[in-house]
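Hi everyone, thanks for coming.

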Amino acid sequence: MQHIENDMDDLFRNASEKYRLKPAEDNWDKIKPQLTEKPGPVTTNTKKTGRLLIIGLLIILSVGGFIKYYHDAAEIALHKPLTKNIDDKTSAAEKKPSEKQKSISKKQNKQSLVTGNEYLKQNKFAISSSYNTKQYGILMVDNNAAKELFTALKNDTAENLLIEKIKTADDKSNQHITEKMLQSKAGIQLKENNSINSSIRKNKLIINEMRQKFYLAIIAGPSYNQVKYQGFEKPGFAAGIKAGYYLNKRIAVEAGFLFSKKNYSSDGKYFSMKHVGASMPQGMEVLSLKGSSSIFEIPVHLKYDLMQKNKSNVFLSAGISSYILTNEKNNYHTMLNGVKQDMTSVYKKSRSYFAASIDASAGYEYKINNYNTIRFQPYIQIPFKGTGVGSMPVMSAGVHFGFTHFTR
Amino acid sequence: MENITQIINGCINKEHKYQKVLYERYRDYALRIVFRYIYRYDAAVDAVNDGFVKLFNHFHKFEKGTDADNEKIFAGWMKKIMINVSIDYLRRSNMLPEIGGISKDVWELSKNKDDADQTMLYNDLIVLIKELPPAYRIVFNLYVIDGYSHIEIAAMINTTAGNSKSTLSRARELLRKSIKKTENASLCSI
């Protein structure tokens, strides 16, 4: 193999020495005006470089200070200990919460300081559930303890809790909630406790707990692409993964990484010669072309769950996609000096396009179980800028079929 | 006729008379180098002009040797400038593969009949190099014909030596296929 290569190399070396080219034209008149009489001044970019360095340093210091400020300001009061015993008899009216806490702890026979999370786990009971949430109730005895728990749970992000309301037992406007809770198992206990200690004021903390917020999805589906409403070519496809995070009960942010193949055709007037003109013979005109592109897409979307039922969900989604175009193949129908000819060219150099398209979709999700769903999501991608060597605006429409898994 | 050292000294002193002589003496040599890199003849001619402008404007950097060596030293220095100008041109056009054939007008025909076939073969081989994708063409020319090492090539085109080796391997593979295709085509035409 090596000797074949060496022979081939010798062949080309020989050719490079002995091939004949027509004599070059005398272009001295074009060259002479560009020649300097004396060596040109060597300009230094020291001042410019210095200014840039100072600006860069200022930016770094500002960002660093900013981060430090917010880090210090964002100390989370996690795991503030609370007393476990809910059967406290002491009234919360006269004393401050901290003093109250101390008096409770002194009076209790069995003391165990637990975190808000642990308390919740031990004392919550389910009320209802919907597509994204489960509703829990917590029986509290003491107003101050309830407030402390409320604060702790608000700051305790590990539990993925959304605390909607805190009610007191003697709030007449929420009597119906009290009755509902009384129907539950814990409610029965409340009745029992009531009979034992009717003077105890009880608070209820109703918590809406979201199911797992973070999810991964595998999606795939066909796509149809066209340039300036000139009609579709054969379908392409898109497939990849998406990750999502629910910001609240209904809104999630999704980001993904997909591989797509787009097929398109166009009149030559929509094909820009700006980048590719130098690689074509002078005077060549592109009459039309058919092409295909291989693209890595990076979508970033906001998803809104419009209609949530127990097992299904209708959602809307919108956002932008950025592209990394890795391969483009174009079949050109061209004209040069009155002669039409077909030419093909393949471009393998990667090009990236930030926010290349605006995406919109609507979809339907069906819950298989608590952790998995399947989705059907028709979408449209409207080009924000031209892509490819000819900077053509390619619009896409298609469907994504997906399987979503929520983390435990 | 001036000797090369005289011409070089004149060019260092920015004397147009000597610059013109040097240009006329070496423009064909320069074009043959550049034409291996740049696909289109007219673009290659423009690149040669740019190369000479660069050469004359930086002649003060040329390191003279003895009278006997100056021609060789100058040829090597000029070759390097022309290669760099060619690579810059291809970079500016984003290394996009060119389309359209090469006009037959660019070739000089051999007056000797015996040489004609051989010359055509050499021309065809140069066309095969020119038909490589620009990135492959650069590496093949630099390594095989101009004798640069992979480390030097990596520095010139801002890549790694490993990438240069794999690019060369792919270029050779493409050339092998092209040669085989050409051979099959000529067999079929017999």
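Let's begin where the two chains meet. Chain A and chain B bury about 4,700 Å² between them, and carbon and sulfur atoms account for 62% of that area. Three residues deserve a mention here: A:Phe12, A:Tyr19 and A:Arg20 supply 17% of the area that chain A buries against chain B, more than any other three residues. Please keep in mind that this is a predicted model.

How many residues does each chain bring to the contact? Chain A gives 48 residues, and chain B gives 50 residues.

Now for the polar side of things. Across the interface of chain A and chain B, 15 residue pairs are in polar contact, with both partners at pLDDT 80 or more. Which parts of chain A supply at least two residues each to the side that touches chain B? They include helix H1, residues 2–18, along with helix H2, residues 28–31, and strand E12, residues 339–347. The largest share of that side of chain A comes from H1(A), with 11 residues. Sorted by class, the side of chain A that touches chain B has 23 nonpolar, 10 polar and 15 charged residues.

There are salt bridges too: two of them are found across the interface of chain A and chain B. In one, the side chains of A:Asp9 and B:Arg172 come together, at 2.5 Å from N to O.

Let's move over to chain B. Of the 190 residues in chain B, 48% are buried. Looking at contacts in chain B with a separation of 6 or more, 66% are between residues 24 or more positions apart. As for the surface, chain B exposes about 9,600 Å², and 52% of that comes from carbon and sulfur atoms.

A:Ala318 sits in strand E11, which covers residues 312–336 of chain A. With A:His301, 17 residues away along the chain, the C-alpha atoms are separated by 5.3 Å.

That's my tour, and I'm happy to go back to any part of it.

Technical notes. Residues are numbered from 1 along each chain as its sequence is written. Chains are lettered from A and ligands numbered from 1 in the order in which they are written. This is a predicted model: local features need pLDDT of at least 70, side-chain atom pairs count only at pLDDT 80 or more; totals for chains, interfaces and linings use all residues. Side-chain values use heavy atoms; hydrogens and water are left out. Contact means heavy atoms within 4.5 Å. Buried area is the accessible area (1.4 Å probe) that two parts lose on being put together, summed over both. A salt bridge is a side-chain nitrogen of Lys or Arg within 4 Å of a carboxyl oxygen of Asp or Glu. A polar contact is a pair of N or O atoms within 3.5 Å; within protein, one must be able to donate a hydrogen and the other to accept it, and residues adjacent in sequence count only if both atoms are side-chain atoms. Helices (H or I, at least four residues) and strands (E, at least two) are DSSP runs, numbered from the N terminus. Ala, Val, Leu, Ile, Met, Phe, Trp, Tyr, Cys and Pro count as nonpolar, Asp, Glu, Lys and Arg as charged, and the others, Gly among them, as polar. Buried means under 20% relative accessible area, exposed over 50%, partly exposed in between (1.4 Å probe, protein chains only). Accessible areas come from the Shrake-Rupley method with a 1.4 Å probe; for residues, only the protein chains shown count as cover.
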